[in-house]
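Please read it with the structure open.

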Amino acid sequence: MRRSGAPRTGPDAGAAAMAATFFGEVVRAPCRAGTEDEEEEEEEGKRETAEDREVRRQLARKREVRLFRRQTKTSLEVSLLEKYPCSKFIIAIGNNAVAFLSSFVMNSGVWEEVGCANLWNEWCRTTDTTHLSPAEAFCVFYHLKSSPSVVLCQCSCYVAEDQQYQWLEKVFGSCARKNMQVTILTCRHVTDYKTSESTSSLHSPFLKALKTQNFKEPPCCSLLEQPNIVHDLPAAGVLSYCQVWRIPAVLYLCYTDVMKLDLITVEAFKPILSSRSLKGLVKNIPQSTEILKKLMTTNEIQSNIYT
Amino acid sequence: MASRYDRAITVFSPDGHLFQVEYAQEAVKKGSTAVGIRGTDIVVLGVEKKSVAKLQDERTVRKICALDDHVCMAFAGLTADARVVINRARVECQSHKLTVEDPVTVEYITRFIATLKQKYTQSNGRRPFGISALIVGFDDDGIPRLYQTDPSGTYHAWKANAIGRSAKTVREFLEKNYTEDAIANDNEAIKLAIRALLEVVQSGGKNIELAVIRRNQPLKMFSAKEIELQVTEIEKEKEEAEKKKSKKAT
């Protein structure tokens with residue numbers, strides 16, 4: 001980091017480029033050749049104090065992804081899927097996807113909590129990362145008591161870019177999982193959807209799918225067309241991991257114009273109920289709709305901005 | 001690319017978009033649905049009532065407002081922006097009456113509101129109004145009118161239209177069901193408005209508010225009971241239609 005305007009003496013000064021501003025002063029224009037100043041830069045920039053190191057360490061600790069069992073308050077020694085191997089792993093990321101799984105899948109059968117991921121980043125509303133109340137636990141893992149090979153993840157927090165790898169490691173572990181199928185549900189705003197047709201003809205919310213090479217089943221909706229890309233944990237994390245380790249995985253992405261918890265958006269996930277991974281898990285659809293409606297009314301934040 | 005052209009309202013993007021105006025139209029979609037229908041002797045405005053907090057006074061959460069004795073409007077979008085626009089329109093209605101001794105025509109006041117909105121799309125440092133409005137009323141010549149304005153400052157006359165959340169669904173319903181029979185008399189026009197809203201309103205009649213203006217009569221707001229009556233009639237008609245269909249099938 002060079003201080004601008006500092007007088008330069010010595011053999012280097014002559015070689016630097018000069019430029020005049022409107023006000024007549026002559027300033028040094030940054031030289032892109034970059035060869036003369038390397039020594040100085042190394043001295044200045046890389047002089048890291050112990051304080052810098054300590055700050056960096058504290059920040060890393062704060063942003064660490066911790067996986068633990070809430071009932072026993074002990075952290076998991078191995079990755080989650082090593083401890084609870086499964087054949088079906090269903091992940092919901094984002095509040096609408098989470099609401100869908102809560103109302104349609106989790107109300108049929110008894111689900112036991114097997115782990116909880118605790119993490120902090122700038123998007124989190126709380127600053128105290130050590131004493132999170134049960135309502136604030138962001139990323140919770142469950143398995144079906146009657147069939148423990150089905151594992152569900154409800155992730156309602158945002159996992160930042162630097163935390164995604166840690167999350168994957170703590171959940172999937174670093175070895176390939178055999179005989180597992182992964183289903184990911186998430187939402188995105190419809191303004192992210194790139195298409196050559198007119199946006200006024202798009203009927204949002206709508207569902208799009210993206211799958212790994214090993215996923216052989218036909219997906220429940222049309223595939224995501226190019227040049228659209230999927231962001232963050234669902235794609236960069238989970239789907240990429242599954243593609244690399246040849247795990248059959250499918251991502252169902254709901255494009256919606258309402259990013260907060262919304263009944264119509266959640267119901268747009270309904271076609272997935274006919275997929276092989278979810279079919280056996282959903283028993284009572286009318287009751288699920290009732291539960292969903294209740295969830296909507298309890299979560300409605302009274303906002304008077306829009307009428 | 002959009003992120004470099006939505007800072008200042010006065011900047012066009014290279015492909016000719018005014019992004020702030022388009023974003024304002026997104027804000028309109030966050031408001032609850034409003035539908036307007038122009039009948040032969042009646043104009044109807046129906047809105048989806050927003051759920052009111054327990055301690056909030058319901059009378060202060062209104063989507064349908066009278067601008068003058070013979071003109072009223074419903075809006076969708078930012079509440080505060082609507083309040084400002086409505087106040088200016090009301091003042092203009094009275095100012096017009098005092099100056100030219102005639103009440104405003106529906107088109108005049110719509111043009112006034114649209115011009116006001118357009119001004120805010122061309123000044124620097126100001127953002128557009130985030131509301132769309134449905135303006136209805138009768139002119140002195142006795143002809144019913146329905147106009148719609150949007151944040152860009154355009155206005156058009158419509159036979160029937162909807163704004164706000166799920167407006168597209170309601171508009172499609174209206175395109176299918178707005179026929180000469182459907183607006184044959186006042187009651188039918190009112191029922192059409194309610195049926196259009198029931199397409200998108202959850203939990204039925206108790207979340208609907210309705211207002212009508214009949215020729216030479218002031219604005220009339222329907223009570224909850226009257227709306228319930230209409231809703232039961234509509235449901236009865238639906239059942240009968242379905243029974244007829246199943247009879248025909250067998």
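Helices (H or I, at least four residues) and strands (E, at least two) are DSSP runs, numbered from the N terminus. The model is predicted.

**Helix pairing in chain B**
- Helix 5 of chain B covers residues 186–198 and helix 6 of chain B covers residues 224–249; their axes come within 10 Å and cross at roughly 80 degrees.
- Angles of 65 to 115 degrees count as roughly perpendicular, so helix 5 of chain B is roughly perpendicular to helix 6 of chain B.
- From helix 5 of chain B, the contact is made by B:Asn187, B:Ile190, B:Lys191, B:Ile194, B:Arg195 and B:Leu198.
- From helix 6 of chain B, the contact is made by B:Gln230, B:Val231, B:Glu233, B:Ile234 and B:Glu237.
- By class, the residues of this contact divide into 5 nonpolar, 2 polar and 4 charged.

**Annotated span in chain B**
- An unreviewed UniProt entry places the feature "coiled-coil region" at residues 222–249 of chain B.
- In the model, residues 222–249 of chain B are 93% helix and 0% strand, and the end C-alpha atoms of the span lie 39 Å apart.

**Cavities**
- The count comes to 2 cavities of 30 Å³ or more.
- The largest cavity has a volume of about 70 Å³.
- Its lining includes A:Thr307 from chain A, together with B:Val47, B:Glu48, B:Lys49, B:Lys50, B:Val52, B:Glu58, B:Val61, B:Arg62, B:Lys63 and B:Glu209 from chain B.
- The lining of the largest cavity has 3 nonpolar, 1 polar and 7 charged residues.
- The second largest cavity holds about 40 Å³ of space.
- The second largest cavity is lined by A:Arg188, A:Asp192, A:Lys194, A:Asn228, A:Ile229, A:His231 and A:Tyr255.
- These lining residues divide into 2 nonpolar, 2 polar and 3 charged.

**Backbone details in chain A**
- Most residues other than glycine have a negative phi, and most peptide bonds are trans.
- A:Gln226 and A:Pro227 are joined by a cis peptide bond, with omega about 0 degrees.
- A:Pro227 sits in the loop between strand 10 (206–211) and helix 7 (232–244) of chain A.
- A:Arg246, a residue other than glycine, has a positive phi, near 50 degrees.
- The loop that holds A:Arg246 runs between helix 7 and strand 11 (249–256) of chain A.

Conventions
Residues numbered from 1 in each chain as written. Chains lettered and ligands numbered in written order. Predicted model: local features only at pLDDT ≥ 70, side-chain atom pairs only at ≥ 80, totals over all residues. Heavy atoms only, no water. Axes fitted to C-alpha atoms, helices over the stretch in contact; angles between N-to-C directions. Parallel < 35°, antiparallel > 145°, perpendicular 65-115°, else oblique. Contact = heavy atoms within 4.5 Å. Nonpolar A, V, L, I, M, F, W, Y, C, P; charged D, E, K, R; others polar. UniProt positions renumbered as here; feature names shortened; annotations may be inferred. 1 Å grid on protein atoms, 1.4 Å probe; cavity = no way out; pocket = protein on both sides within 12 Å on 5 of 7 lines; lining within 4 Å. Points joined across faces, edges and corners; volume = space filled by probe spheres on them.
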